[in-house]
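The sequence and structure are shown first.

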Amino acid sequence: MAVQGRNWSSFLRRRKRVERPAPSIIAPQSRPADTTELQIAPDDPIIAYFQHSSGAVDIEHLKLDSPALEAMRAASVRLVVPLVSQGELIGLLNLGPRLSQQEYSTDDRALLNNLATQTAPAVRVAQLVRQKQVEDQARERIDQELRVARHIQQTLLPKRLPQFPGWQLGAHYQPARAVGGDFYDFLELSDGRLGLVVGDVTDKGVPAALVMASTRSVLRAAASRLESPGVVLGRVNDLVHPDVPPNMFITCMYAILNPVNGNLVYANAGHDLPFHRHGSSVVELHARGMPLGLMPGMEYEENMTVLAPGDGVLFYSDGLVEAHNSRRQMFSFGRLQRLIAEHKETDAPLVPYLLHELERFTGPGWEQEDDITLVTLQRSEEVMAAGLARHEHDDKTSDTGRVLLTQFTIPSEAGNERIAMRQVADAVRQLELPPERVEKLKTAVAEATMNAMEHGNKFQPEVPVTVRVYASHAALSVGITDQGGAPPDMGARAQKPDIEAKLANLQTARGWGLFLIENMVDELHVTSGEHTHTVELVLKLTGGNDGDDPA
Amino acid sequence: MNQAQVTLSVRQPRPTVGVIDVRGDLTAFAEDLLMDAYKEATTNGARNIVLNFEGLEYMNSSGIGLLVTLLIRANRHKQKLLACGLSDHYVRIFELTRLNEAIGMYARESYALAALPE
């Protein structure tokens, strides 16, 4: 038996989670193929009515204050068969008047009810499949965007930690699922200092990643000019401001470490204040400044601290301090400060220690809300060994606690010692030595370079003299190497120049070079290889005399 | 770089005194210029030579050797050599080399001139 109605209709649509579905019906038209979709408001009482009715409903005499009911009547719907699956109304079969103009019979209704019972689960399955397809597509779009953002971000984060003898650097970046705009960077500046950057873009996803990428590039370019942190942040702010979208800005901390003397100069564009631990005290490193990208022409306060042996600094982003536990308590700055004070470097490095504490605080199943970035800078306890020449043979320069300040070569032409002198003076400027010590070093470098060019390399311009300048906590070392190998006769050194002998023509007027060198520096080491000859000049930086004693 | 980065000019504030102003670098490149300046400063029979180092930028061991050579010549001709205007660093080097024992050293030219007989 067939039910001859003018048309069918359709299904309530399920939308995502929270929203109530806005059901719709497809109303019958004059021909079966023509349908009109009618929406049923979520609060329409007819939904509850259909949900609890058993079987086909004749709507002609139904008394409900329902816009959908009016719409169905207007569309000539006569009989409605609710499709209910697992207690949930998922659709309606709407029938117009029978084509025979007769009323629907009991058999018709039984058939329709039977049909509805079998159709409802199938429709439900179809709905779920459709819903899953839509959700999969949406998730794929989001995942694709996250992949792009994450790729941008991780491509730009440092691949390795810089190695500075006497210093330990640590970095940890843990992106939240949504990928925030955290970034950090290490800039090995040409003058031997280390720039440290920690920043956070206020937004997530691809837009934040792009702003982070451009800020990082601009900052790198500005920092390479060796300007102070405050000047660099001011310049970066002016450069990025036109390109940062409204409602987005960047907080950023920029510090420059002098690894030789532990001076840390820093400026801050609205970023969380780093913590400096000295002994058992932990203090914030304050410097005022607006976040980057808000408005041009900003000035950034600049401050300095000195990191003594054993001191450490933690740079971080707000993902750590603003992490919440299940009781909605915040990790907080105070807790972080206390943990740093309690932490003993001998037990575990600071980063894993803090992550462990964070895990203890949040408990299992914690969903990370924001990126977490931690950058640590720790100065070793031990005092570096002086006397760099002793390491010449094993060449383990990276283990000796010394830093290469500069290395260069010059052609062996008379007069070029002035180049060596100037470049060494430039390289040691960061050590802030007393001017008279710098003058002595310059004289010693010039004399040693002259000897290398003349006696070692025979003034052959194509044979270079190599100059290397190292510094450690305890000593400054300048190595000057020629290609002459061991000098054939060291006898010249034995004869100490004597002004009276010279005036009496018992010595040549010249021959002052080595004598000057010996009196300008604290230590003089000479090493020869098969093809090279190196004079190493050492100035002690702590505890030694300053070379003033001419005895 | 391979040329004299120095200018030497000679003045004679008094008939008995020749002043040589040294500006720039006193290195091996300055040898001929320094010996010429010495001759010029003593042409008129001046027996005192004052080397004014206020404009000295750099002196190396070769420059010190030149001063020793000059000193030997001056001694031979019974002339007196004085120096003024040296920076602290080069005063220290004069002391180290004991050049200060053979060359009278003064902070300023006026002090050197005042120390010489009219």
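In this predicted model, A:Glu188 has A:Leu194 of β8(A) as its bridge partner. The two strands concerned, β7(A) with residues 181-188 and β8(A), run antiparallel and are joined by eight bridges. Five residues lie between the strands of this hairpin, and A:Gly192 takes a positive phi near 95 degrees there. On β9(A), A:Ala255 is the bridge partner of A:Leu196. The pairings of β8(A) are listed below.

| Strand paired with β8(A) | Residues in chain A | Bridges | Direction |
|---|---|---|---|
| β7(A) | 181-188 | eight bridges | antiparallel |
| β9(A) | 250-257 | eight bridges | antiparallel |

How many of the residues of strand β8 (residues 194-201) of chain A are buried? Eight of the eight are, so the strand is largely enclosed by the rest of the structure. A:Leu194, A:Leu196, A:Val198 and A:Asp200 point one way from β8(A), whereas A:Gly195, A:Val197, A:Gly199 and A:Val201 point the other way; all are buried.

In soluble globular proteins, nonpolar side chains tend to be buried together. The largest nonpolar core of the model has 130 residues, of which A:Tyr254, A:Val424, A:Val445 and A:Leu537 touch the most other members. Helix α10(A) gives the largest share of this core, eight residues. Because domain 2 (157-379) and domain 3 (388-540) of chain A both contribute residues, this core lies between them. Beyond its neighbours within four places in sequence, A:Val424 is in contact with A:Leu441, A:Lys442, A:Val445, A:Val467, A:Val469 and A:Val478. Another core lies apart from the largest one and has 25 residues, including A:Leu38, A:Ile46, A:Leu69 and A:Val84.

**Contact between the chains**

Between the chains, 20 residues of chain A are in contact with 24 residues of chain B. On the side of chain A that touches chain B, α10 (435-456), α12 (499-503) and α13 (513-520) of chain A each supply at least two residues. The largest share, five residues, comes from α10(A). By class, this side of chain A comprises nine nonpolar, four polar and seven charged residues.

**Chain B**

Chain B contains four helices and five strands, which follow the order β-β-α-β-α-β-α-β-α from the N terminus. Of its 118 residues, 44% count as buried. Among the contacts in chain B with a separation of 6 or more, 70% are between residues 24 or more positions apart.

How values were computed
Residues are numbered from 1 along each chain as its sequence is written. Chains are lettered from A and ligands numbered from 1 in the order in which they are written. This is a predicted model: local features need pLDDT of at least 70, side-chain atom pairs count only at pLDDT 80 or more; totals for chains, interfaces and linings use all residues. A residue is buried if 20 or more other C-beta atoms lie within 10 Å of its own, exposed if 12 or fewer, and partly exposed in between; C-beta atoms are placed from the backbone. Two residues are in contact if their C-beta atoms, placed from the backbone, lie within 7 Å. Ala, Val, Leu, Ile, Met, Phe, Trp, Tyr, Cys and Pro count as nonpolar, Asp, Glu, Lys and Arg as charged, and the others, Gly among them, as polar. A nonpolar core is a set of buried Ala, Val, Leu, Ile, Met, Phe, Trp, Tyr and Cys residues joined through C-beta atoms within 7 Å. Domain bounds come from an automatic or database domain assignment. Two strands pair if DSSP finds at least two bridges between them.
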